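Below are some notes on the structure, arranged by topic. Please read them with the coordinates open.

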Amino acid sequence: MTTSTIQAPKVHEVTMTYFDGTRRTAIVTDIETPFPTGRHVISHSDTSGIITYVNQFLIDICGYKESELLGQPHHILRHPDMPAVIFEQMWKTLQKGHIWHGAVKNLRKDGGFYWVDATVTPTKRDDQLTGFISVRSQLSREKRQECEKRYPTLF
Ligand SMILES: Cc1cc2nc3c(=O)[nH]c(=O)nc-3n(C[C@H](O)[C@H](O)[C@H](O)COP(=O)(O)O)c2cc1C
């Protein structure tokens with residue numbers, strides 16, 4: 001006779017401190033939402049990272065309504081497993097007017113997570129920075145495995 005056990009999801013509460021000193025306590029689970037091949041998550045922000053546009057697929061995958069995202073800092077999507085140094089490097093790159101590319105684990109509203117391969121591009125008018133556009137796609141298995149090993153060493 002074979003027996004099978006259904007594993008209950010692991011759920012815990014984590015308090016995150018953001019770069020601006022604000023804090024948030026979030027529910028975090030180990031439930032992953034797989035990122036489908038060929039789809040893209042897109043958002044726009046102003047120069048400080050405040051969300052000004054989201055596409056429907058971002059709404060679908062993160063679990064927030066459009067009205068809960070617009071006007072919020074992008075850190076609403078931050079997962080506590082993401083080391084702050086990754087975002088420090090991101091902002092240094094963007095502030096120089098360069099494109100940033102990297103792997104990000106994001107937190108869903110319900111505490112679950114999804115990995116993305118992100119490209120953030122500065123937008124300019126008359127050579128003045130006007131904001132940023134982020135396009136995320138599916139992360140390769142190899143890059144994900146590398147990040148799952150490397151990111152915990154960066155805390
Ligand atoms: C266009 C754009 C998109 C971003 N997308 C994400 C994202 O999907 N997930 C995330 O954790 N941070 C994202 N960030 C970085 C956040 O602004 C923020 O730096 C990060 O969540 C860490 O929070 P903190 O810098 O407030 O500590 C994005 C920034 C920009 C400019």
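1. Which residue in β7 stands opposite histidine 44? In this predicted model, the residue facing histidine 44 is isoleucine 133 of β7. The strands β3 and β7 run antiparallel and are joined by five bridges.

2. The sheet is open and has five strands, in the order β4-β3-β7-β6-β5, with antiparallel pairing. β4 (51–54) and β5 stand at the edges with a single partner strand each, so one side of each has no neighbour in the sheet. On average, neighbouring strands of this sheet are turned by 30° against each other, direction ignored.

3. α3 lies across β5, β6 and β7. Relative to β5, α3 runs at about 140°.

4. The ligand is surrounded by 19 residues, and the closest are Tyr18, Phe19, Gly49, His74 and His75. β3 (41–45), α3 (84–95), β5 (100–107) and β7 (128–137) are the elements that give two or more residues to this shell. By class, the shell residues divide into ten nonpolar, seven polar and two charged.

5. The largest nonpolar core has 15 residues. Those with the most contacts inside this core are Phe35, Ile61, Ala103, Tyr114, Trp115, Val116 and Leu139. At least two core residues come from each of α1 (56–62), β5 and β6 (113–125). In soluble globular proteins, nonpolar side chains tend to be buried together.

6. Leucine 139 deserves a separate entry. Leaving out residues up to four places away in sequence, leucine 139 touches Phe35, Ala103, Trp115, Val116, Asp117 and Arg144.

Technical notes
Residues are numbered from 1 along each chain as its sequence is written. This is a predicted model: local features need pLDDT of at least 70, side-chain atom pairs count only at pLDDT 80 or more; totals for chains, interfaces and linings use all residues. A residue is near a molecule or strand if its C-beta atom, placed from the backbone, lies within 6 Å of it. Helices (H or I, at least four residues) and strands (E, at least two) are DSSP runs, numbered from the N terminus. Ala, Val, Leu, Ile, Met, Phe, Trp, Tyr, Cys and Pro count as nonpolar, Asp, Glu, Lys and Arg as charged, and the others, Gly among them, as polar. A nonpolar core is a set of buried Ala, Val, Leu, Ile, Met, Phe, Trp, Tyr and Cys residues joined through C-beta atoms within 7 Å. A residue is buried if 20 or more other C-beta atoms lie within 10 Å of its own, exposed if 12 or fewer, and partly exposed in between; C-beta atoms are placed from the backbone. Two residues are in contact if their C-beta atoms, placed from the backbone, lie within 7 Å. Two strands pair if DSSP finds at least two bridges between them. Axes are lines fitted to C-alpha atoms, for helices over the stretch in contact, and angles run from 0 to 180 degrees between N-to-C directions.
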